Amino acid sequence: MTSETPLFTYTLRLADTALVLGHRLSEWNALAPTLEEDIALANLALDLIGQARLFYDYAGKVEGKGRDEDALAYLRDDREYGNLLLVEQPNGDFAQSMMRQFLFSAFALPYYTALMGSKDETLAAIAAKAEKEMAYHLRHSGEWVIRLGDGTDESHRRTQVALDELAIYIGEFFAVDAIEQALIDAGIAPDPAKIRAEFEATLAHVFSEATLIMPKAGYAQTGGKQGQHTEHLGHLLAEMQVLHRAHPGATW
Amino acid sequence: MYAQALDQKDKGPKVVEDPEKLARFEARCAADEKIEPKDWMPEAYRRTLVRQVSQHAHSEVIGMQPEGNWVTRAPSLKRKAVLISKIQDEAGHGLYLYSAAETLGVSREELTDALLSGKAKYSSIFNYPTLTWADMGTIGWLVDGAAIMNQIPLCRCSYGPYARAMIRICKEESFHQRQGYEIMLTLARGTPEQMAMAQDALNRWWWPCLMMFGPPDAISEHSSDSMRWKIKRFSNDDLRQKFIDATVPQGHFLGLTFPDPALKFNEETKHWEIGPIDWDEFKRVLAGDGVCNRQRMRVRRQTEADGAWVREAARAHAKKRAARQALQAAE
């Protein structure tokens, strides 16, 4: 293992997480509950795909084998993808998608804020851009979680179901493996344990207003960062990569 | 994205207007003055605009579907981002246009109901399927290109809110058009498979795009009112010819062949001449028997139905919040 490998792997994980969530949001295209929300969801998707492109570009440079953003996004299989399990979960209904977005951005905002202090200047610069975007994502999704949780009986039930289903993936945000630990020790990656209190406070505040009950901390499903995914990612990538892979070497 | 294929004569009940007010209104239109929401206007003018502006808005909203078909399969991250952003612009156009229509005294709910019930039309071009990635290029290049031909004159439409919405929309549409052409250029300079994809897309979209301008002037339900009121400024055939003259050289530059053996340049008139358009196809698709008419409407209705509980929750929460704030203020 060269000294570059952990940085490459870590950067790819950040890229994959942003791309997979951006892709999921793009699946909402033209299907949102209002025209205003179609525009908002497209904004979120564009932010995340933009972040993914910056991370992929940097990962390619770190690797030094000439792979560009598209080679990394389109020509790797699901076992090589290092995204968080939460973000590959299907859109479900609007409550599921907004809960997924809320849980992720409640983590990503303090995480990218911490990453701005990275000793790696490129990661710090990407984080500075992403942090501003995540603040908007957190506000938008948090407001929806409150509206839906504290809306009608039906919307409350759907939103509580979404939380109960997705809670198992929260623990992975904070699960650190040897690759990540090496970068934390080197001052390149933030230590997620240090932002856990802020993350939990955000959830407690929003869920209280939304009259939702946080499920008791149970088993935390991990594996996404190491390429062991749920059944959903393979289908997502099959669709996303089909055209690119059908024309090897073509320029688009 | 809209072109005047849907234009039709006002068929509403005749309203006897105050001759003095009508004369003043006609004079303002003749003098190219803008009519604003609070100004007096004849009922037929208002109805014509509501119909046209709302059909334009519906076209933007339905138009999100055929392009949305390729968002999840876009072949590069850059193309994916650009396509999402283009469809987002279309949602935005829908919003401006519904707002412009609302200034004429109809609500967005009424307009949406008219679309969902099938009473209101949308541009027929969206009833054709998007079968390959090249269709994303062709829609930008030809469909948006045709829409621009129609919409540029609308920036000078007599009705102020519509004209102002069109200025903003045209700027974005011309960006979309260039973007679409750039996709075609990339395909045309790419592999033989990519070139074949581009040619196939042109073969499928060329004639439907020419139909976007509506029936020939000789048989169209020509409305002299719309012309006089500065809602419509050019005839269907004039706009179609402008589009053909602008587009044919662009297609040739790409190395593509137009699916029209009769296409030829007339040295005397300096115009490209085309073969006969299949107006039976136009009428059939407009009447509901295109490949995607049923699908587009089913998706739109399903989307409205699926979103109902969300919109209801938002209203319920706003009410609860307002009640709590009132209670706090009272304490």
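**Group meeting: helix packing and the A–B interface**

Let's start in chain B: the axes of α8(B) and helix α10 (residues 236-253) of chain B come within 10 Å and cross at roughly 150°. That makes α8(B) roughly antiparallel to α10(B). The term covers angles over 145 degrees; under 35 is roughly parallel, 65 to 115 roughly perpendicular, and the rest oblique. Axes here are lines fitted to C-alpha atoms, for helices over the stretch in contact, and angles run from 0 to 180 degrees between N-to-C directions. Helices themselves are DSSP runs (H or I, at least four residues; strands are E, at least two), numbered from the N terminus.

Before going on, the ground rules. This is a predicted model, in which local features need pLDDT of at least 70 and side-chain atom pairs count only at pLDDT 80 or more, while totals for chains, interfaces and linings use all residues. Residues are numbered from 1 along each chain as its sequence is written, chains are lettered from A and ligands numbered from 1 in the order in which they are written, and side-chain values use heavy atoms, with hydrogens and water left out.

Back to that pair. From α8(B), the contact uses B:W206, B:C209, B:L210 and B:M211; from α10(B), it uses B:R240, B:F243, B:I244, B:T247 and B:V248. Contact means heavy atoms within 4.5 Å. By class, that is seven nonpolar, one polar and one charged. Ala, Val, Leu, Ile, Met, Phe, Trp, Tyr, Cys and Pro count as nonpolar; Asp, Glu, Lys and Arg as charged; the others, Gly among them, as polar.

Now chain A. Helix α6 (residues 121-149) and helix α7 (residues 153-166) of chain A have axes that come within 7 Å and cross at roughly 125°. α6(A) and α7(A) are therefore oblique to each other. A:V145, A:R147, A:L148 and A:G149 of α6(A) meet A:S155, A:H156 and A:T159 of α7(A).

The rule wants a side-chain nitrogen of Lys or Arg within 4 Å of a carboxyl oxygen of Asp or Glu. Over all chains, the whole structure has 39 salt bridges.

Next, the interface. Which residue numbers meet there? 47 residues of chain B are in contact with 48 residues of chain A. Together the two chains bury about 3,900 Å², 67% of it on carbon and sulfur atoms. Buried area is the accessible area (1.4 Å probe) that two parts lose on being put together, summed over both. Four salt bridges cross this interface. One joins A:D150 and B:K320, at 3.4 Å, N to O. On the chain B side, α12(B) gives the largest share, 15 residues. That side has 22 nonpolar, 13 polar and twelve charged residues.

Last stop: A:T230, in the loop between α9 (196-209) and α10 (232-246) of chain A. Its side chain makes a polar contact of 2.5 Å with that of A:E88. Another, of 3.3 Å, goes to A:Q89. A polar contact is a pair of N or O atoms within 3.5 Å; within protein, one must be able to donate a hydrogen and the other to accept it, and residues adjacent in sequence count only if both atoms are side-chain atoms.
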